[in-house]
Amino acid sequence: CKVYNKAMNNSLTKLLKFSFIFAFFIFISIFSFTKTATAKTSDHVLHGYAWSDNIGWVSLNCTDRGGSVCTDSPYSVVIDYGTGQMSGYAWSSNIGWVSFNAGDVSGCPAKNSYNNSCTPTAILSSSAGNPPFPQILGWARALSNNSGWDGYISLSCYNNNNCGTNNYSVQLPNDGTNAIGTTGGSITGKAWGSTVVGWLDFTNV
């Protein structure tokens, strides 16, 4: 009986250890599933909401929503001062996370004519030529995309080279001295997200 009880105790101990380890990894997985975006001091952090008649408001920064939102799931969309590249996540209560990260948009429908890239990028200098400053090129993508919708949101008509027939773009504020507009001003213009999102207006960002 002692041998049997010892074997049972060893088995129970192993089972408890395994259960604890398994529960620990489940816990880590759940609480790691947040769209954390850490802005560098060289980044321009966006605030406010974009508007779509189809899906409503899209939040670009958790701090604008107040409460414990940033504690539960910190997110933001930023523009790098040096490269113009955008990154981070926005949130829609109707379609979920919208990513501005290069890795999520790498398979975009068409690369822009400025740097042959899918990555959302702001043109920071008026010497860039065509497309003109202060355009924002590239794509964002809803991560809830599926077989019926690829989730891509075009930030400029230059992505498809169709500005002659459908002229639209998201643009930086042009204060004449600072390309990012740190001295004031708001991003303006609209993006196009197919029939699901429709026009996404950045006037309130």
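Visitor: How many aromatic pairs does a search of the whole structure find?

Guide: In this predicted model, a search of the whole structure finds 8 aromatic pairs. One of them is formed by Y89 and W97, whose rings are edge-to-face, with 6.2 Å from centre to centre and 70° between the planes.

Visitor: How is a pair of aromatic rings described?

Guide: A pair of aromatic rings is described by two things, the distance of the centres and the angle of the planes. For Y89 and W97 the angle is 70°, and planes over 60 degrees apart count as edge-to-face.

Visitor: Are Y89 and W97 buried or exposed?

Guide: Y89 is buried, and W97 is buried as well.

Visitor: Which residues do the ring pairs link into a cluster?

Guide: The cluster consists of Y75, Y89, W91 and W97, linked by ring pairs.

Visitor: Let us turn to another tryptophan. Where is W199 found, and what does W199 touch?

Guide: W199 is found in strand β13, which covers residues 199-201. Leaving aside residues up to four places away in sequence, W199 touches W51, S52 and D53, then N166 and Y168, and also K190, A191 and W192.

Visitor: Why does W199 count as partly exposed?

Guide: The relative accessibility of W199 is 34%, and therefore W199 counts as partly exposed, since that class lies between the limits of 20% for buried and 50% for exposed.

Visitor: How many disulfides does the structure hold, and what is their pairing in sequence order?

Guide: The structure holds 3 disulfides. If the bonded cysteines of the protein are numbered in sequence order, the pairing reads 1-2, 3-4, 5-6.

Visitor: Why is the disulfide of C62 and C70 right-handed?

Guide: The reading rests on the torsion about the S-S bond, which for C62 and C70 is about 110°, so this disulfide is right-handed. The sulfur atoms of C62 and C70 are 2.0 Å apart.

Visitor: What is the handedness of the link of C108 and C118, and which parts does the pair tie together?

Guide: The link of C108 and C118 is left-handed, with -70° about the S-S bond. Both C108 and C118 lie in the loop between β6 (96-99) and β7 (121-122), so the pair ties together parts that are 10 residues apart in sequence. The sulfur atoms of this disulfide are 2.0 Å apart. C108 is buried, with a relative accessible area of 11%, and C118 counts as buried at 4% relative accessibility.

Visitor: Which cysteine does a disulfide join to C157, and what is the torsion of that bond?

Guide: A disulfide joins C157 to C163, with 1.9 Å from S to S. The torsion about their S-S bond is about 100°, so the disulfide is right-handed. C157 is buried, and C163 is buried too.

Visitor: How do the residues of strand β9 point?

Guide: In strand β9, which covers residues 139-142, W139 and R141 point one way, A140 and A142 point the other way, and all of these are buried.

Visitor: How many bridges join β9 to β6, and how many join β9 to β10?

Guide: β6 and β9 run antiparallel and are joined by 2 bridges, with V98 standing opposite A142 in β9. β9 also runs antiparallel to strand β10 (residues 152-154), to which 3 bridges join it, and here R141 stands opposite Y152 in β10.

Visitor: What is the phi of N116, and where is N116 placed?

Guide: The phi of N116 is near 55°, which is a positive value in a residue other than glycine. N116 is placed in the loop between β6 and β7, and N116 is exposed, with a relative accessible area of 55%.

Visitor: What is the phi of N161, and where is N161 placed?

Guide: N161 is not a glycine, although N161 has a positive phi of about 55°. The place of N161 is in the loop between β10 and β11 (170-171), and N161 is exposed, with a relative accessible area of 55%.

Terms used
Residues numbered from 1 in each chain as written. Predicted model: local features only at pLDDT ≥ 70, side-chain atom pairs only at ≥ 80, totals over all residues. Heavy atoms only, no water. Phe/Tyr/Trp six-rings, centres within 6.5 Å; stacked < 30°, edge-to-face > 60°. Buried < 20%, exposed > 50% of the residue type's maximum accessible area, 1.4 Å probe, protein only. Helix = DSSP H or I, 4+ residues; strand = E, 2+ residues; numbered from the N terminus. Contact = heavy atoms within 4.5 Å. Disulfide = S-S within 2.5 Å. Pairing = 2+ DSSP bridges.
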